[in-house]
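Please keep the sequence and the structure in view while reading.

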Amino acid sequence: MPTGLIAALDTTNPQMAQRWAGQVAPHCGLLKLGLEFFLANGASGLREIDQRPVFLDLKLHDIPNTVAGGVRAVLPLRPAMLTLHASGGAAMITAARREAETAGAERPILLAVTVLTSMDASALHATGVAGGPRQQVLRLARLALDAGADGLVCSAHELAMLRDALGDGACLVVPGIRPAGSDVGDQSRVMTPGEAARAGATWIVVGRPITQAADPAAAAAAIAAEIAA
Ligand code: C5P
């Protein structure tokens, strides 16, 4: 399956999100709106974005009943994708999936976040995890998929390991992507769109290289062309 492009519209400003959405939607399969947009503007803010489909990146993590309630609350917004933390455990993920199923064929795809890419081995160890990050990513990936997640958010550098372990079926969504020559910003271990596509990403997520470009539409078009090549 060809790799798709997701544009991350990271802003609390609804007019800016709408402007970016209009510029980049023709070149993207999904528009990602995250915690900062949703906390600032809520469901009504999301409804005002004209373009669809939307990936609602809220990284839910709570007791199963509360996460199921959160999924229920956002289903009327018809998000195509939703995220939750695999470390919330199997019962939490299963509860989210059960709730998502109530939307029928239009249900959101559930993606599990394993180990945050901002955490290195020592940060992970400090939380009580004995194994290294890769071991923990694989453990949580299997747990999440067995419990009902459709796929995973992962770093480009975990793609090969996860494709090997999980096969072609899992949906792997990959942030931390930088076109050759663009500003790395606060991302540390980046890959180009083409490299991530070849390594087996189902979707790549690109934020600032698109939104901070002088011409966001042209930046998105160039990335879409690179992953299609
Ligand atoms: O601007 P940039 O391309 O770095 O944006 C990447 C997007 O992916 C942001 O919305 C960020 O929150 C998200 N993300 C990430 N790393 C993760 C998970 C999500 O960068 N591990």
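## Terms and basis of the model

A residue is called buried under 20% relative accessible area, exposed over 50%, and partly exposed in between, with a 1.4 Å probe and protein chains only. Accessible areas come from the Shrake-Rupley method with a 1.4 Å probe, and for residues only the protein chains shown count as cover. Helices (H or I, at least four residues) and strands (E, at least two) are DSSP runs, numbered from the N terminus.

The model is predicted: local features need pLDDT of at least 70, side-chain atom pairs count only at pLDDT 80 or more, and totals for chains, interfaces and linings use all residues. Residues are numbered from 1 along each chain as its sequence is written, and side-chain values use heavy atoms, with hydrogens and water left out.

## The ligand and its surroundings

The ligand sits in the largest pocket. On a 1 Å grid over the protein atoms alone, a pocket is an open set of points with protein on both sides within 12 Å along at least five of seven lines, whereas a cavity is a set of points where a 1.4 Å probe fits but cannot get out; lining residues have an atom within 4 Å of a point. A molecule sits in such a space if more than half of its atoms lie within 2 Å of its grid points.

Which residues come nearest to the ligand? Of the 13 residues around it, these are Asp 10, Thr 117, Arg 178, Gln 187 and Arg 208. Here a residue is near a molecule or strand if one of its heavy atoms lies within 4 Å of it. The shell around the ligand divides into 5 nonpolar, 3 polar and 5 charged residues. In this division, Ala, Val, Leu, Ile, Met, Phe, Trp, Tyr, Cys and Pro count as nonpolar, Asp, Glu, Lys and Arg as charged, and the others, Gly among them, as polar. Strand E8 (203–206) and helix H9 (208–211) each supply at least two residues of this shell.

Two side chains place a polar atom by an oxygen atom of the ligand: that of Asp 10 at 2.7 Å and that of Lys 32 at 2.8 Å. Thr 117 has a polar side-chain atom 2.8 Å from a nitrogen atom of the ligand. The protein covers 83% of the 460 Å² of accessible area that the ligand has on its own.

## Backbone features

A cis peptide bond, with omega about 0°, joins Arg 52 and Pro 53. Pro 53 belongs to the loop between helix H2 (35–47) and strand E3 (54–60).

Lys 59, which is not a glycine, has a positive phi of about 45°. This residue lies in strand E3. Is Lys 59 buried, partly exposed or exposed? Lys 59 counts as partly exposed because its relative accessibility is 30%. Arg 78 also has a positive phi, near 55°, in a residue other than glycine. Arg 78 is found in the loop between helix H3 (64–74) and strand E4 (81–85), and it counts as exposed because its relative accessibility is 55%.

## Buried and exposed positions

Asn 41 has its place in helix H2. With 17% relative accessibility, Asn 41 counts as buried. A polar atom of the Asn 41 side chain lies 3.0 Å from the backbone oxygen of Thr 12. Thr 3, in the segment before strand E1 (4–8), is buried because its relative accessible area is 12%. Ser 122, by contrast, is found in helix H5 (residues 121–126) and is exposed, with a relative accessible area of 54%.

Two further helices hold buried residues. Leu 162 in helix H7 (residues 159–166) counts as buried at 1% relative accessibility. Ala 144 in helix H6 (residues 133–147) is buried, with a relative accessible area of 0%. How far apart are the C-alpha atoms of Ala 144 and Ala 112? They are separated by 6.4 Å, while the two residues are 32 residues apart along the chain.

Terms used:
A polar contact is a pair of N or O atoms within 3.5 Å; within protein, one must be able to donate a hydrogen and the other to accept it, and residues adjacent in sequence count only if both atoms are side-chain atoms.
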